[in-house]
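Hello,

I am passing on the structure we talked about, and it is shown just below. After it you will find some notes on what turned up.

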Amino acid sequence: MLQQYDKRNNDIQIWVDDKLYPRNEAKVSVFDSTVQGGDAVWEGLRVYDGRIFCFEQHLNRLMASAKAMAFAKIPTKEFITDALMQTLKANNQRDETHVRLTLSRGLKITSGMDPRLNQFGCTLIIVAEWKPPVYPPSIKLVTASQRRNSPMCVDSKIHHNNLINNILAKIEANFAGVDAAIMLDIYGFVSEANGVNIFMIKDGTVYTSYADACLPGITRATVIEICKNNNITIVERNISISEFYNADEVFVTGTMGELTAVSEIDGRTIEQQHNKSILQKINKHFKTKTEKEGTLLTF
Ligand code: PMP
């Protein structure tokens, strides 16, 4: 699965710091922390029919990540909301839009790791692109040799821009000719795929990994809530890769691609023997939520 360029994004306006720029003029300094050390946090959001889905949860996670990283002069939620609304308005984007919102530690007075060199406050970057959900109806996965960080290394609860760990896993998927890579935690249990959380269904029960080494995804939380509200048993526990091979259904979740079925892992077909309707059922509830819930656009 390779995303394609969408010509509608030729002329989009992009927010940097405190104003909008045409796509080709939107730039950050070479002294910005995101260039120097991947020292930034981010969110991916989606706009459906005049609403930003789960906006409050995304803002909260962004703020929590920025606080964990001890950023100084973090813009307020009101400032970020206003900047996002202005960006979407400038591009007239009310649907089919994915937003990549990045907050870096900001500009440095000279190159170096020390956050005390960052004396100007955070840099806010908002890239809102025309982008319908990116995955095909089903995808294939391979298990990567690259492990997902445990809190012993870098806590995956910080949604930071240091994505090398996951990019190396994705490279393994590319070489294997599949869509994405499953990343194990340091104990060998399945953590997540390189950019999405992962679930399996067996004998009518939905399982997902503990959010110890994976990002606690907002789509993941939405799926757990859907299961709890609709009498679908959902269990969070350590799950091994062999259990995934033998699952009735496997699916991944994320803002970029929503819920996507997995047809194969490491060459093993996911047989879909029982309860094929459970993923469909969860998906139906998810679609209803995206149609009805979310923060209304102010333009
Ligand atoms: N895992 C990783 C590593 C991710 O980067 C993302 C996307 N932000 C997800 C899972 C899915 O998270 P969400 O449902 O909040 O988009």
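How far apart do the C-alpha centres of domain 1 and domain 2 lie? They are 26 Å apart. Before going on, please note that this is a predicted model, in which local features need pLDDT of at least 70, side-chain atom pairs count only at pLDDT 80 or more, and totals for chains, interfaces and linings use all residues. Residues are numbered from 1 along each chain as its sequence is written.

**The two domains**

The domain assignment of the protein chain places domain 1 at 8–130 and domain 2 at 138–292 (such bounds come from an automatic or database domain assignment). Helices (H or I, at least four residues) and strands (E, at least two) are DSSP runs, numbered from the N terminus.

Seven strands form an open sheet in the order S2-S1-S6-S5-S3-S4-S16, with antiparallel pairing (two strands pair if DSSP finds at least two bridges between them). Strand S2 (19–22) and strand S16 (295–296) are at the edges with a single partner strand each, so one side of each is left without a neighbour in the sheet. S5 and S6 are joined by eight bridges; Val99 has Ala128 in S6 as its bridge partner, and His98 has Glu129. Two bridges join strand S1 (residues 13–16) to S6 (residues 123–130), and Trp15 is the bridge partner of Ile126 in S6.

**The ligand**

Which residues come nearest to the ligand? Of the 14 residues around the ligand, they are Gly217, Ile218, Thr219, Gly254 and Thr255 (a residue is near a molecule if its C-beta atom, placed from the backbone, lies within 6 Å of it). Helix H5 (218–229) and strand S13 (249–254) each supply at least two residues of this shell, and H5 gives the most, with three residues. The shell divides into three nonpolar, nine polar and two charged residues.

Best wishes

Note on methods:
Nonpolar A, V, L, I, M, F, W, Y, C, P; charged D, E, K, R; others polar.
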